[in-house]
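I opened my notebook to work through one chain from start to end. Come along and keep the picture beside you as you read.

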Amino acid sequence: MRTPQTSIAALDWTRTLAALPPGELHRTELIVPALANHYGTLFAPEGLAMLGRVAYLTAAQHSVQPVVMASAGDIDFIVPVPVGALLHLHGRVTRIGASSLTVQVHAAIDENAGMSFREALRGSFELVAVDADGRPVRLKLREGREGRQGVSAAAGSDLPYRPLGDPPAVAS
């Protein structure tokens with residue numbers, strides 16, 4: 001059986017995800033009714049949990065030790081995310097300290113089957129490396145994560161949605 005050429009082209013995004021620079025993570029979530037509020041859109045605590053999971057996973061793939069979340073800030077819910085939407089979450093390490101690192105997470109709604117995206121959520125998370133007793137320890141990076149202190153450049157990745165860099169202004 002021969003696969004149509006359009007089907008092969010549609011799978012090209014997998015190569016892009018496989019080639020993410022160190023310190024970046026991309027994850028896609030389908031917004032189902034169980035994640036929604038009474039308006040039929042993503043319930044804010046569920047959205048915050050998604051951002052936090054991506055921040056943790058991004059930091060965990062960067063550090064040899066276990067990491068825990070120390071703080072979350074600059075959380076913005078920019079536009080409602082309707083049930084049935086695909087939400088693309090992208091995390092990136094933006095700062096590495098002695099025992100902690102900062103991860104920025106942006107989420108965008110897939111509005112047109114991978115052709116256009118709209119930023120919906122974003123946040124900044126501080127994660128700390130800990131020992132077996134849960135006390136902060138000096139951060140040890142995984143092999144290959146040392147370049148530019150392990151912080152990846154936004155221009156280094158070829159994702160269809162580039163949420164990182166200067167975020168757009170949020171209307172009040």
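**Entry 1: the sheet**

I looked up the sheet and found an open one of five strands, ordered β1-β3-β4-β5-β2, with antiparallel pairing. β1 (24-30) and β2 (67-77) stand at the edges with a single partner strand each, so one side of each has no neighbour in the sheet. From one strand to the next, the twist averages 20°. For my terms: two strands pair if DSSP finds at least two bridges between them. Helices (H or I, at least four residues) and strands (E, at least two) are DSSP runs, numbered from the N terminus.

I noted where my values come from: this is a predicted model, in which local features need pLDDT of at least 70 and side-chain atom pairs count only at pLDDT 80 or more, while totals for chains, interfaces and linings use all residues. Residues are numbered from 1 along each chain as its sequence is written, and side-chain values use heavy atoms, with hydrogens and water left out.

**Entry 2: the whole chain**

How many helices and strands are there in the chain? I found three helices and five strands. Along the sequence they follow the pattern α-α-β-α-β-β-β-β.

Next I checked burial: of the 172 residues in the chain, 39% are buried. Buried means under 20% relative accessible area, exposed means over 50%, and partly exposed lies in between (1.4 Å probe, protein chains only). The chain exposes about 9600 Å², and carbon and sulfur atoms supply 57% of that. Accessible areas come from the Shrake-Rupley method with a 1.4 Å probe; for residues, only the protein chains shown count as cover.

I also looked at contacts (heavy atoms within 4.5 Å). Among those between residues at least 6 apart in sequence, 73% join residues at least 24 apart.

**Entry 3: β3 and its partners**

I followed β3 (residues 86-96) to β1, and seven bridges join the two in an antiparallel run. E29 has L87 in β3 as its bridge partner, and T28 stands opposite H88 in β3.

With β4, β3 pairs in the antiparallel sense over nine bridges. β3 and β4 form a hairpin, with three residues between them. I96 has its bridge partner L101 in β4.

Is β3 mostly covered or uncovered? I counted it as mostly covered, since eight of its eleven residues are buried. R92 is in strand β3, and with a relative accessible area of 12% R92 is buried. I also checked R92 against H26: they are 66 residues apart in sequence and 9.0 Å apart in space, C-alpha to C-alpha.

**Entry 4: the helix across the sheet**

Helix α3 (residues 44-60) lies across β1, β2, β3, β4 (100-110) and β5 (117-129), at about 55° to β5. Axes are lines fitted to C-alpha atoms, for helices over the stretch in contact, and angles run from 0 to 180 degrees between N-to-C directions.

I found V32 in the loop between β1 and α3. V32 counts as partly exposed because its relative accessibility is 32%. L30, V32 and L86 form a nonpolar patch on the surface, with about 220 Å² of accessible area together.

Last, I looked up D74 in strand β2. D74 has a positive phi of about 50° although it is not a glycine. At 64% relative accessibility, D74 counts as exposed.

How values were computed. Patches are made of residues with over 30% relative accessible area and no salt bridge: like charges are joined within 9 Å, nonpolar side chains (Val, Leu, Ile, Met, Phe, Trp, Tyr) within 5 Å. A salt bridge is a side-chain nitrogen of Lys or Arg within 4 Å of a carboxyl oxygen of Asp or Glu.
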